[in-house]
Amino acid sequence: MCGIIGIVAKSNVNQMLFDGLTILQHRGQDAAGIVTCDHARLYLCKNNGLVRDVFSARQMLNLVGAMGIGHIRYPTAGCSSSSEAQPFYVNSPYGIALAHNGNLTNSEYLKKDLIADELRHINTESDSEVLLNILAFELQRLGKLKKDLTPEDIFTAVRRLNQRCRGGYSAVALISGVGVLAFRDRFGIRPLVFGARVTDRGTEYVVASESVAMDALDFEVTRDVAPGEAIFISARGELHAEQCVADPQQAPCIFEYVYLARPDSVIDNISVYKTRLRMGEKLAAKIRRLRPHHDIDVVIPIPDTGRTAALPLAYKLGVKYREGFIKNRYIPRTFIMPGQSVREKSVRQKLNAIGLEFRGKNVLLVDDSIVRGTTSGEIIQMARDAGAAKVYFASAAPPVLYPNVYGIDIPTPDELVAHGKSEDEVCAAIGADWLIYQEVDDLIEAAREGNPRINRFEMSVFTGAYLTADVSEDYLANLSRQRNDAAKQSRALVDDVLNDLSNMV
C-alpha cells in the first residue's frame with residue numbers, strides 16, 4: 001500500500017513530486033523520498049516521516065532536474081528503519097533509482113541468485129531493493145553503453161524481470177540521464193496510471209499510483225498502465241509503451257476499492273467512490289432480506305472510509321443518517337500501526353463520539369471492513385459509553401480471513417478477528433449486538449459494475465485463493481513469523497537503537 005510517482009517535465013519537478021506525494025499520503029505515513037535527475041546527475045532526499053516533515057525548503061532547492069520519482073511508504077516487508085526508505089539506488093549500470101508499491105513473493109530466492117550468481121549486493125531486508133537489482137542486472141546483461149540504450153532495450157530488461165519476479169508490484173524507475181520507466185505486474189494487482197499535459201515547451205508526463213495525483217497536478221489522465229505493460233518516457237519527453245509479458249491477466253486488488261484508495265480515484269476505469277456507494281446499497285438489501293422489521297434508529301459511519309457506503313445504506317433503509325464521530329486527522333490509520341496496544345490507544349485519540357447522536361438509540365455503525373477487530377471493538381464501546389441502547393455493526397466488505405501477500409499489511413491469520421470464527425463469534429468478540437458482513441459476490445458485483453471487462457479481482461484476503469502459484473502453507477507460516485506484531489516490535493527496538501547510533505555519529 002505504498003504510493004509512487006514519476007514525472008518527466010520541461011522544468012524542475014521537485015515541487016510537483018512533493019505535491020503528488022502529499023496527495024498520495026494516505027497510502028503510507030512511514031517514510032517518504034524523492035530522487036531527481038539533472039544532466040545525468042541524481043539528487044536524493046528520503047527519511048522516515050510524513051512528506052511535509054521529510055522535505056525542508058533547503059532540501060527541496062537541492063532536488064533539481066526536470067525528471068524524477070517519489071515514494072511514500074508503510075512497511076509490509078523489511079523493517080521501519082530510515083535506511084529502507086525509498087527510492088533505492090544502484091550505481092551499476094547507468095545509475096538507477098527505483099520506487100516500488102507491492103510485494104514480491106519470491107524475493108528470498110531472487111536474493112540468493114543475485115548474491116551468489118550475479119554478484120550483486122543487497123543492503124537491506126526490503127524486497128524493493130531486490131526488484132531494483134533484478135532490473136539493474138537485466139539492463140547490465142544487455143551490454144549497452146548508456147548513449148546506445150534504446151526503449152526496446154529497456155523493455156527487454158522488463159520482460160526478463162517479469163519472467164523472474166512473482167507477486168504484486170507497480171514500480172517507477174529513474175535511469176540517470178535516460179528517462180523514467182514504469183511497469184506493472186502481469187495481473188495488475190497494484191494500481192498504476194499515467195497522464196500528460198501540453199505546455200508551451202512541450203508535453204509533460206506523470207505516472208502515479210492513483211488518478212487523484214493527476215488531478216491535483218493539473219494533468220489529464222491518459223489511461224491505466226495495463227497488467228504486464230511497461231511505460232518509458234525519455235529525458236527528451238518521448239513516450240513509449242509495450243506489453244512485457246506473454247499472458248497478462250487483469251485482476252486488480254479489490255481491497256483498493258474497499259479501503260486503500262481515495263474515493264475520488266478511478267482505478268482500472270472503476271470509480272472507487274461509486275463502488276463504495278454500491279457496496280452500501282447491497283448491504284442495505286441484505287439487511288432488508290435478513291431483518292425486514294429491523295429496529296435501527298440511525299446509521300452512523302466510521303469516518304472516513306465508512307462514510308461513502310453508509311449514505312446509500314441509510315437511504316435504502318429509510319433510516320436517518322448522522323455523523324456521530326469526530327475524527328482527529330492527525331492520527332494515522334490504525335490498522336497499519338505496529339502493535340495491538342498502540343492501535344487501541346490510537347482509536348480513542350483518533351475518534352470522539354457526539355453523545356446526543358447515540359443516547360437511547362439503536363445505532364448501526366458502518367465501516368469499510370473489519371481486520372484485526374481492534375478499531376471496531378473500541379468504537380462499539382465508545383458508542384455504548386455515549387449512551388446507545390443497542391449497537392449494530394455493518395462491514396462493507398466480507399470477513400477478512402487470510403493474510404495478504406501482495407503489498408498490504410494483513411500478515412498473519414492469528415491477528416485477524418474473523419479467522420476461524422463464525423459471524424456470531426466475531427460479533428461477540430467485538431462486542432456488537434448484531435453484525436452483518438458484505439457478501440463476496442455482492443462486493444465483486446459492486447466493483448465490476450464500473451468495468452464489466454474485468455472478470456476477476458485479487459481477493460485472497462477474503463477467499464484464500466492466491467493468484468501466484470508460489471504461495472504455499474510454508475510460505476504463509478514463514479510470513480506470519482516475520483510480520484506478526486511481536487516480530488515488528490522486536491525489529492522496531494533494533495531500528496530505534498540503530499537510528500540513535502546514527503544520530504550520535
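Predicted model: local features only at pLDDT ≥ 70, side-chain atom pairs only at ≥ 80, totals over all residues.
Student: Can we zoom in on one of them? Why does Ala310 count as buried?

Tutor: The cut-off for "buried" is under 20% relative accessible area. Ala310 has 0% relative accessibility, so it counts as buried. Setting aside residues up to four places away in sequence, Ala310 touches Val299, Pro301, Tyr321 and Val366. Take Tyr321: it sits 11 residues from Ala310 along the chain, and their C-alpha atoms are separated by 7.8 Å.

Student: What does the side chain of Gln86 make a polar contact with?

Tutor: Its partner is the side chain of Ser128, at 2.8 Å. Beyond its neighbours within four places in sequence, Gln86 is in contact with Ala32, Gly33, Lys46, His71, Leu98, Ala99, His100, Ser126 and Ser128.

Student: Now for pairs of helices. At what angle do helix H4 and H5 pack?

Tutor: H4 (residues 107-116) and H5 pack at about 50°, and their axes are 10 Å apart. To name that arrangement you need the cut-offs: under 35 degrees is roughly parallel, over 145 roughly antiparallel, 65 to 115 roughly perpendicular, and the rest oblique. H4 and H5 are therefore oblique to each other. Their crossing is left-handed.

Student: Which residues in H4 and H5 meet?

Tutor: From H4 you have Ser107, Leu110, Lys111 and Leu114; from H5, Asp127, Val130, Asn133 and Ile134. Sorted by type, the residues of this contact are four nonpolar, two polar and two charged.

Student: What about helix H5 and helix H6: at what angle do they pack?

Tutor: H5 (residues 127-141) and H6 (residues 151-164) pack at about 130°, with axes 9 Å apart. By those cut-offs, H5 and H6 are therefore oblique to each other. The crossing of H5 and H6 is right-handed.

Student: Which residues make the contact?

Tutor: H5 supplies Leu131, Ile134, Leu135, Phe137, Glu138, Leu139 and Arg141. H6 brings in Ile154, Ala157, Arg160, Leu161 and Arg164. These divide into eight nonpolar, no polar and four charged residues. Look out for Ile134 of H5: it takes part in the contact with H6, and it is also among the H5 residues that meet H4.

Student: One last spot. Where does Ser271 lie?

Tutor: Ser271 is in strand E15, residues 270-271. A polar atom of the Ser271 side chain lies 3.4 Å from the backbone nitrogen of Tyr273. Not counting residues up to four places away in sequence, Ser271 touches Ser265 and Val266.

Conventions
Residues numbered from 1 in each chain as written. Heavy atoms only, no water. Axes fitted to C-alpha atoms, helices over the stretch in contact; angles between N-to-C directions. Helix = DSSP H or I, 4+ residues; strand = E, 2+ residues; numbered from the N terminus. Left-handed = near helix turned anticlockwise from the far one by under 90°. Contact = heavy atoms within 4.5 Å. Nonpolar A, V, L, I, M, F, W, Y, C, P; charged D, E, K, R; others polar. Polar contact = N/O pair within 3.5 Å; in protein donor to acceptor, adjacent residues only side chain to side chain. Buried < 20%, exposed > 50% of the residue type's maximum accessible area, 1.4 Å probe, protein only.
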